[in-house]
Amino acid sequence: MFSFFKKKKVEKEEPKEELVVEQEVKEIVQEDIKETIIEEAIVEKIEEVPQLIEVEKEIVKEVETKEEKKGFFSRALEKTFGTIKTVIPTKKEKIAFDDIEEMLIEADMEYEIIEKAMDGLPEEITRKQLRHRLVMLFEHAPKVDLDNLPKPFVRLIIGVNGAGKTTTIAKLAHRSKKEGKSVILGAGDTFRAAAIEQLSIWADKLDVPIIKTKQGHDSSAVAYDTISSAIARDIDNVIIDTAGRLQTQKNLNNELIKIVKVCGKAQENAPHQKLMILDGTQGNTAIAQAKAFNEMVGIDGIIVTKLDGTAKGGALFSISNQLELPIFFVGVGEQKDDLIEFSPDKFVDSLLDEIYIDEEN
């Protein structure tokens, strides 16, 4: 009897052992499947890492570029900001109409333009309301398509003595080289020997070719030879200097008209851009110069120099709006890299950052 019960007990325990083993096998298989899924997911994520890194780099680069441009304008407008702070010393969410008006006057915006910008605004003005009006002042300037440019692309640089023509030409040449374009300079200011020498020094520094002649020689011949040389040597960009003539000097004005005609003989439709260099320290008084030159030869755009040395940053609104011309670049120093592409949005934002509380806060 004892053996019988013992046998029965053993028979009952055997299936339990089989179930345990079967359960363990299932658990091992399930664990292997989990590990495989995890490994595959990890491999998939690892493969995505380089792509994610590249995307992150592009985002960081874009943010840094925006901050860099904003930083350039902030440095360029430092003296203008100082003037603004005397009117509106602390940042606010809303600013009184009269304070905004006084601020714009102090920044050297013409009163006629101020009236246009402020018309219909409430007694307390938000950043959004003012920003919209200020950016609109630049909308009269025509949009310029710089894609599919002719080769060579010829720029004629115009401006009175002391406006910063020579330095700006050097900055434009440096910018072209950074963009991978070849460039040649034409020393068309034959009125001053110093102008030819200064441009030659810059040409050596930048390692770019230059076409020049002696003081007093025909400047239009220099323009023709420069364009012809660019065509023969397959050069991308031509930048031609002109004499620092005042609009009241009729003989020099006639010479400028002659240069424009001769450029057209050297290459069809040249010059493709006639750029006026305006001294930012002169503020609104520079507008009369630009108007006179625009009537003579038709100016295509403006470059404002020495903006870092003046508190008259508000004059840029008047310059663009009154002339109905685009501001292409702003000079903010004497170094070859101190030329930044002008952006109405970033320019306005830099000004408003000084008087309004950050909207994100």
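One definition before we click: buried means under 20% relative accessible area, exposed means over 50%, and partly exposed is in between (1.4 Å probe, protein chains only). This is a predicted model, where local features need pLDDT of at least 70 and side-chain atom pairs count only at pLDDT 80 or more, while totals for chains, interfaces and linings use all residues. Numbering runs from 1 along each chain as its sequence is written, and side-chain values use heavy atoms, with hydrogens and water left out.

Start with Asp 279 and Lys 306. They form a salt bridge, their closest N and O atoms 3.4 Å apart; the term means a side-chain nitrogen of Lys or Arg within 4 Å of a carboxyl oxygen of Asp or Glu. This pair links distant parts of the chain, 27 residues apart: Asp 279 sits in strand β7 (residues 273-279), Lys 306 in the loop between β8 (301-305) and α11 (315-323). Helices (H or I, at least four residues) and strands (E, at least two) are DSSP runs, numbered from the N terminus.

Buried or partly exposed: which is Asp 279? At 9% relative accessibility, Asp 279 counts as buried, and Lys 306, at 30%, as partly exposed. Now select Arg 127, Arg 131, Asp 345, Asp 349 and Asp 353: salt bridges that share partners join them into one network.

Next, pick Lys 151 and Asp 234, a salt bridge with its closest N and O atoms 3.2 Å apart. Lys 151 is in the loop between α5 (127-136) and β3 (153-158), and Asp 234 is in the loop between α8 (219-232) and β6 (237-240).
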